[in-house]
Amino acid sequence: MKKIVVGISGASGMPLAYHLLKELKKHDVEIHLVMSQSALMTIPYECEHSVEDFCHLANVVYDYSNIGASIASGTFQVDGMIIIPCSMKTVAGLAHGYSDNLLLRAGDVMIKEKRKLILVTREAPLSSIHLDNLSYLSKLNNLYIIPPVLSYYNHPQTIEDMETHLIGKILSPFNIQVEDFKTWK
C-alpha cells in the first residue's frame, strides 16, 4: 500500500484538493493529511465540502502546529508528498528551508530524504520572487512543479474533466493510474 502525505495550503484550489483526496482513496492509498490555518479558512469559500469532509478522506489528520508529528521525521516512511494547492508562501518556505509549521517541515523532510514532492502551485500572476523560488526548487530532482494548467487536447466537457486530467498528471510520478486520464496518443 502506498503512503502519501497531502498538504493543503491556503491558496485557491480547494475543489482540486478534494478531488485528489477522493482519487487517492479509490487507489487504497494511506493518506496523511495536514492543512494550514489558511486552508481551513479557504475551504468554506471555495467548495461545498466542509473541513470535516476533507478529514474523513484521510487515514490520519495532523495538527498544523504539531512540528513533532510523525511526518516531520525522515524515519517515518512514506512514498512522498503532494501539496495541493501550494501557495507562494509555502514555496518560499520550502525554497529557503523555513519550516515553522508541520506542512513546511513535512515538505522539507521530502526534500532532504529525496522523496517525491509534488507542488501544485497556485498563483497568478507570478512575481520575480515567485519565479526565483520556483526556479530554485525546480533544480531538485525529486521535486515536481505541476501548476493547475488546463489542457485541451483531451477535449474536456466539464470542470471535473479538467480536474481529472490534472489529477492524472499529479499522480503519474507515483505510478497511480487515474481511470479517465487521457494521455497524448
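Colleague: How do the residues lining the largest pocket divide into nonpolar, polar and charged?

Modeller: They split into 2 nonpolar, 7 polar and 8 charged. Here Ala, Val, Leu, Ile, Met, Phe, Trp, Tyr, Cys and Pro count as nonpolar, Asp, Glu, Lys and Arg as charged, and the others, Gly among them, as polar. A caveat: this is a predicted model, where local features need pLDDT of at least 70 and side-chain atom pairs pLDDT 80 or more, while totals for chains, interfaces and linings use all residues. Residues are numbered from 1 along each chain as its sequence is written, and side-chain values use heavy atoms, with hydrogens and water left out.

Colleague: What makes something a pocket rather than a cavity?

Modeller: On a 1 Å grid over the protein atoms alone, a cavity is a set of points where a 1.4 Å probe fits but cannot get out; a pocket is an open set with protein on both sides within 12 Å along at least five of seven lines, and lining residues have an atom within 4 Å of a point. In this model, H19, E160, T164, V178 and D180 lie nearest the centre of the largest pocket.

Colleague: And how does the lining of the second largest pocket divide?

Modeller: That one has 10 nonpolar, 2 polar and 3 charged residues. S12, G13, L16, P148 and E163 lie nearest its centre.

Colleague: Which residues line the largest cavity?

Modeller: V149, L150, S151, N154, M162, H165 and L166 do. That lining has 4 nonpolar residues, 3 polar and no charged.
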